[in-house]
Amino acid sequence: TQAQGKKHGITVLPMPFLIDGTEYFEDISITREEFFRYLQQGADVKTSQPMPEALMQQWDALLEEADQILYVPMSGGLSGSAHTAMMLAQSYDGKVQVVDNHRISCSQKQSVLEAVQLAKLGWDAPSIKAFLEQHAYDASIYIAVDTLKYLKKGGRVTAAGAAIGTVLNIKPVLQIQGEKLDAYAKVRGMKQAQEKMLQAVQ
């Protein structure tokens, strides 16, 4: 969150998205609770990557006080934002280091917190980038979803598969390992899904 970022001295570039055609910025113009309320009401939600101009303005402002920037976007395999940032960073003469360590969500957050600790130990941005990318696959995320609606919408489940899954109360357990979102298991009901995720973590 923005508050967590300030606490640790991290600048958080908010993720933009459209809800029924109106643009919002995560944790700035909309809260988590409001976001999920829109989803439950059936709103049309589309994600977007940060605009290049917004990213460069943020970097320019930070470089007025800092010598180097380490930018940790979400995995390049799941979003185009990492590739865009790498292209933009080429015009900063090495002052901006873009990390693609194939992480997202809580594992991405952990990478940023590790970067902060390494910076406090005196590591420079290129060294931290190399460390994070070396340890990219040391994390895995397991997800269970209560509805197949958004997997169908994103093309990860067919309409027929979603319909059958809904009727049979099938809950997919998904795994994010590196830049892939893959099916890990299919179970009946959320209780079994939670048990399967706990087994996977163990």
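Buried means under 20% relative accessible area, exposed over 50% and partly exposed in between (1.4 Å probe, protein chains only). The model is predicted, so local features need pLDDT of at least 70 and side-chain atom pairs count only at pLDDT 80 or more, while totals for chains, interfaces and linings use all residues. Residues are numbered from 1 along each chain as its sequence is written, and side-chain values use heavy atoms, with hydrogens and water left out.

**View 1. Aromatic pair Trp59 and Tyr71.** The whole structure holds seven aromatic pairs (ring centres of Phe, Tyr and Trp, the latter by its six-membered ring, within 6.5 Å; planes under 30 degrees apart are stacked, over 60 edge-to-face, the rest tilted). Trp59 and Tyr71 are edge-to-face, at 5.6 Å centre to centre and 75 degrees between the planes. Trp59 belongs to helix α3 (residues 52–62) and Tyr71 to strand β4 (residues 69–71), so the pair ties together parts twelve residues apart in sequence. Helices (H or I, at least four residues) and strands (E, at least two) are DSSP runs, numbered from the N terminus. Trp59 is buried at 1% relative accessibility, and Tyr71 is buried at 15%.

**View 2. Aromatic pair Tyr142 and Tyr184.** The ring centres are 5.1 Å apart and the planes stand at 70 degrees, so this pair is edge-to-face. Tyr142 in strand β6 (residues 141–144) and Tyr184 in strand β8 (residues 180–188) are 42 residues apart. Tyr184 is partly exposed, with a relative accessible area of 37%.

**View 3. Buried residues of helix α5.** These are Ser107, Gln108, Ser111, Val112, Ala115, Val116 and Leu118. Gly122, with a positive phi near 100 degrees, follows α5.
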